[in-house]
Amino acid sequence: MEEEGTPDIIIVGAGISGLSTAVGLHRLGIRSMVLESSETLRATGFAFTTWFNAWKAMEALGVSQHIRSLHDRLQGWVVGPISAANPPKEMLFPESEEYESRCVQRKLLLEALAGELPQESIRFSSKVVHIELSGRYKMVHLSDGTILKTKVLVGCDGVYSVVGKWLGFKNPATTARLAIRGLTHFPEGHGFGKRLFQFYGDGVRSGFIPCDHNNVYWFLTHTSTDIDEETNPEILKEFVLNKIKDLPENIKNVVETTDLDSMVMSRLKYRPPWELLWSNITKDNVCVAGDALHPMTPDIGQGGCSAMEDGVILARCLGEAIKAKNLKGETEEESYKRIEEGLKKYAGERKWRSIDLITTAYTVGFIQQSRGKWMNMLRDRFLSSYLSRMLLKKSHFDCGSLVP
């Protein structure tokens with residue numbers, strides 16, 4: 001049954017990119033509806049590290065100060081091999097805004113973004129199963145039989161995006177690597193200070209990052225096939241502890257004290273960068289953003305950060321097109337074409353940035369988790385500092401404000 005009163009813009013997925021786009025449009029006075037398949041906001045992955053580009057996006061969206069108040073600013077980076085043979089190296093971050101980094105809990109960020117939207121902007125339990133064209137309109141079919149009619153459709157629905165498939169994207173490529181993630185709460189404080197800890201080698205990369213005085217986010221990526229299909233959190237915890245057995249006791253204690261329901265494992269996926277060269281990021285006023293556009297491995301910490309970039313830039317491009325229509329009183333056909341050009345502008349801005357991030361993340365992960373003797377020696381002695389600088393370099397991107 002077709003439902004009346006649908007906004008001109010429908011966003012599929014209430015994740016980071018979807019909510020960022022909706023908030024950006026709301027700031028510009030443009031109404032949208034966000035469709036979320038689950039019953040509540042989902043915070044898969046627990047937390048992520050935010051860098052310069054993420055804070056620029058949050059400033060544009062108006063949530064930066066609130067998120068800053070909930071998370072400690074990281075003051076430095078401790079990085080080294082996962083074995084006990086070589087000591088780690090420490091790098092202090094300068095005080096400038098270019099080096100601002102915090103480990104942000106996804107749940108708190110999603111709640112902050114959702115809190116900026118008018119009530120009823122997010123429609124939960126709304127799973128998209130089919131999309132069809134009807135003239136200049138898109139007919140969005142939901143699993144409950146409802147059909148929504150809209151002029152613009154934005155897919156922010158993750159790595160297996162229904163909107164992405166409609167545009168012609170293939171499923172993301174699957175790597176041989178898996179990631180185990182956790183969030184540990186220390187009622188009396190964790191005692192780590194405000195430093196990011198990262199260890200690598202022998203097919204493993206692990207990180208331990210304080211979010212605030214009480215919470216530490218941790219991850220371990222690995223190439224082991226021993227627990228490919230394992231879902232028992234007790235076995236996952238034992239596996240992680242075995243991989244980090246040579247690390248200091250206070251680091252291992254983070255994993256040991258993690259609640260079993262605060263752990264998850266998933267296989268790492270990415271969009272082959274060459275697919276973005278010939279695929280349609282936008283077509284018929286339908287486009288994708290976030291993981292639906294550029295799923296990448298987590299090795300440079302840019303998945304969530306770049307999703308917010310997408311949201312700001314997409315909202316700005318749509319805002320320019322829609323505001324121009326309103327000012328000039330264009331016909332429906334002229335309005336359609338103007339929005340089409342706005343989405344093409346967005347696609348042009350995001351294509352090469354996405355290709356760059358996907359490629360860099362995959363390369364860094366390959367080097368850091370290498371098992372080869374000579375590669376390990378080269379990485380440990382010469383490449384660790386270079387890789388850290390590369391990560392920071394990729395974060396030095398300013399998406400700009402919502403108004404050009």
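So, where is the place of Trp-352? Trp-352 sits in helix 10, residues 332-368. When I say helix or strand, I mean DSSP runs numbered from the N terminus: H or I over at least four residues for helices, E over at least two for strands.

Quick housekeeping. This is a predicted model, where local features need pLDDT of at least 70 and side-chain atom pairs count only at pLDDT 80 or more, while totals for chains, interfaces and linings use all residues. Residues are numbered from 1 along each chain as its sequence is written, and side-chain values use heavy atoms, with hydrogens and water left out.

Back to that tryptophan. Trp-352 has 55% relative accessibility, so it counts as exposed. The scale is this: buried is under 20% relative accessible area, exposed is over 50%, and partly exposed is in between, with a 1.4 Å probe and protein chains only. Trp-352 also belongs to a nonpolar surface patch with Trp-274, Leu-277 and Trp-278, and together they have about 550 Å² of accessible area. Those areas are Shrake-Rupley values with a 1.4 Å probe, and for residues only the protein chains shown count as cover. A patch takes residues with over 30% relative accessible area and no salt bridge, joining nonpolar side chains (Val, Leu, Ile, Met, Phe, Trp, Tyr) within 5 Å and like charges within 9 Å.

Now Leu-276, in helix 8, residues 275-278. Is Leu-276 buried or exposed? Buried, because its relative accessibility is 0%. Leaving out residues up to four places away in sequence, Leu-276 touches Phe-169, Arg-271, Leu-293, Lys-351, Ser-354, Ile-355 and Ile-358; contact here means heavy atoms within 4.5 Å.

One of those partners, Arg-271, brings me to charges. Arg-271 makes a salt bridge with Glu-275, with the closest N and O atoms 3.8 Å apart. The cut-off is a Lys or Arg side-chain nitrogen within 4 Å of a carboxyl oxygen of Asp or Glu. Arg-271 is at 2% relative accessibility, so it counts as buried, and Glu-275 is buried too, at 6%.

How many salt bridges does the structure hold? There are 24. In helix 10, Lys-337 and Glu-340 are three residues apart, so about one helical turn separates them. Their closest N and O atoms are 3.6 Å apart. Glu-340 is buried at 15%, whereas Lys-337 is partly exposed at 42%.

Then there's Asp-356 with Lys-394, N to O at 3.0 Å. That pair links distant parts of the chain, 38 residues apart: Asp-356 is in helix 10 and Lys-394 in helix 11, residues 373-395. Asp-356 is partly exposed at 29%, and Lys-394 is buried at 15%. Elsewhere, Lys-56, Glu-59, Arg-68, Glu-97, Glu-100 and Arg-102 join up in a network of salt bridges.

Last stop, helix 6, residues 233-243, where Leu-236, Lys-237, Phe-239 and Val-240 are buried. Looking down the axis, those buried residues fall within an arc of 160°, so they line one face of the helix. That arc is taken from the directions from the helix axis to the C-beta atoms. Their cover includes strand 13 (173-185), strand 16 (215-222), helix 7 (249-256) and strand 17 (263-270). On the face turned away from the buried side, you'll find exposed Glu-234 and Glu-238. And Asn-232 caps the N-terminal end, with a side-chain oxygen 2.9 Å from the backbone nitrogen of Glu-234.

Technical notes:
Polar contact = N/O pair within 3.5 Å; in protein donor to acceptor, adjacent residues only side chain to side chain.
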